[in-house]
Amino acid sequence: MHETYGVILAGGLARRMGGGDKPLRTLAGKPMLDHVIARIGPQCATLALNANGDPARFAAHGLPVLPDTLPDHPGPLAGILAAMEASPLPWVVTVPGDSPFLPEDLVARLHAAREAAGTPMACAASGGYAHPPIALWPRELAAALRQAVTEGERKIDRWTARHGVAHAEWPTTPFDPFFNANTPEELAEAERLLLNRGVSP
Ligand SMILES: Nc1nc2c(ncn2[C@@H]2O[C@H](COP(=O)(O)OP(=O)(O)OP(=O)(O)O)[C@@H](O)[C@H]2O)c(=O)[nH]1
């Protein structure tokens, strides 16, 4: 297995949640970020958090905080770029801080998909839909990504398609492992899934 640098993306503005830090919202008695760390941490050699503003608010979670290196919240590609530029390892996996049910074989299957297809990147999918922020990135494409974002690129899938991306698909039953909580209603739904439908916390 390739050692992989994991970065949890928490650099967005969370407008649909009413602002603030989505990953610090409580889910089943603990911050959603703790659920994400429990899922992705064991799959990575090192873990970090991409977030903007005062890093002290994440101190309890014990992760290095990487701020965006581009101004004005240009979107998830800015967090992916910060992750690739900070990575001590050739491979980087990014996951959003609002996806508490990530699969335990995420990193292994992304590497396998990339190797089988001979592409530089691999992206997670479920139910026939790709989840562009949940992907494996080669550090060596950081300069190309910086150039693209500087020139105005904002869409992850358009940029990955230019370089080549494989997709690894997961089943959506009994639940979608890429469920993400963007709104207070989705956070309540995540809580129901955890408490009633056997998603292990
Ligand atoms: N670093 C960084 N990450 C971002 C930015 N915008 C979104 N993200 C992250 O990308 C992932 C998907 O973002 P969205 O859920 O679409 O955006 P969001 O800002 O979190 O929420 P909304 O404002 O409700 O759309 C989340 O993990 C966000 O934290 C950004 O400008 N910079």
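## A walk through the predicted model

Glu85 sits in helix H2; helices here (H or I, at least four residues) and strands (E, at least two) are DSSP runs, numbered from the N terminus. This is a predicted model, in which local features need pLDDT of at least 70 and side-chain atom pairs count only at pLDDT 80 or more, while totals for chains, interfaces and linings use all residues. Residues are numbered from 1 along each chain as its sequence is written.

Let us stay with Glu85 for a moment. Is Glu85 buried, partly exposed or exposed? Glu85 counts as partly exposed, because it has 15 C-beta neighbours inside 10 Å. For this scale, a residue is buried if 20 or more other C-beta atoms lie within 10 Å of its own, exposed if 12 or fewer, and partly exposed in between, with C-beta atoms placed from the backbone. Leaving aside residues up to four places away in sequence, Glu85 touches Thr69 and Ala142; two residues are in contact if their C-beta atoms, placed from the backbone, lie within 7 Å.

**The packing of H2 and H4**

The contact with Ala142 leads us to helix H4 (residues 142-150), whose axis lies 9 Å from that of H2, at a packing angle of about 150°. Axes are lines fitted to C-alpha atoms, for helices over the stretch in contact, and angles run from 0 to 180 degrees between N-to-C directions. H2 and H4 are therefore roughly antiparallel to each other, on a scale where angles under 35 degrees count as roughly parallel, over 145 as roughly antiparallel, 65 to 115 as roughly perpendicular and the rest as oblique. The crossing of H2 past H4 is left-handed, a term used if the near helix is turned anticlockwise from the far one by less than a right angle, with right-handed used if clockwise.

From H2, the residues Leu77, Ala78, Ile80, Leu81, Met84 and Glu85 take part, and they meet Ala142, Leu145, Arg146 and Val149 in H4. By class, this contact of H2 with H4 has eight nonpolar, no polar and two charged residues. Here Ala, Val, Leu, Ile, Met, Phe, Trp, Tyr, Cys and Pro count as nonpolar, Asp, Glu, Lys and Arg as charged, and the others, Gly among them, as polar.

**Around the ligand**

H2 (residues 76-86) also gives the most to the shell around the ligand, with three residues. Which residues come nearest to the ligand? Of the 22 around it, they are Gly11, Gly12, Arg16, Gly79 and Pro96, where near means that the C-beta atom, placed from the backbone, lies within 6 Å. The shell divides into nine nonpolar, eight polar and five charged residues.

Most residues other than glycine have a negative phi, and most peptide bonds are trans. Ala14, although not a glycine, has a positive phi of about 50°. Ala14 lies in the loop between strand E1 (4-9) and strand E2 (26-27), and it is partly exposed, with 18 other C-beta atoms within 10 Å. Ala28 is another non-glycine residue with a positive phi, near 50°. Its place is the loop between E2 and strand E3 (30-31); with 16 other C-beta atoms within 10 Å, Ala28 is partly exposed.

Where does the cis peptide bond lie? It joins Thr173 and Pro174, with omega about 0°. Pro174 belongs to the loop between strand E9 (165-170) and helix H6 (184-196).

**Some distances across the fold**

Pro42, in the loop between helix H1 (32-40) and strand E4 (46-50), is exposed, with 11 other C-beta atoms within 10 Å. Arg158, placed in helix H5 (residues 156-163), is exposed, with 12 such atoms within 10 Å. Phe101, in the loop between strand E6 (91-96) and helix H3 (106-117), counts as buried, with 20 C-beta neighbours inside 10 Å.

| C-alpha pair | Separation along the chain | C-alpha distance |
|---|---|---|
| Pro42 and Ala144 | 102 residues | 29 Å |
| Glu85 and Thr160 | 75 residues | 17 Å |
| Arg158 and Pro132 | 26 residues | 9.8 Å |
| Phe101 and Gly152 | 51 residues | 32 Å |
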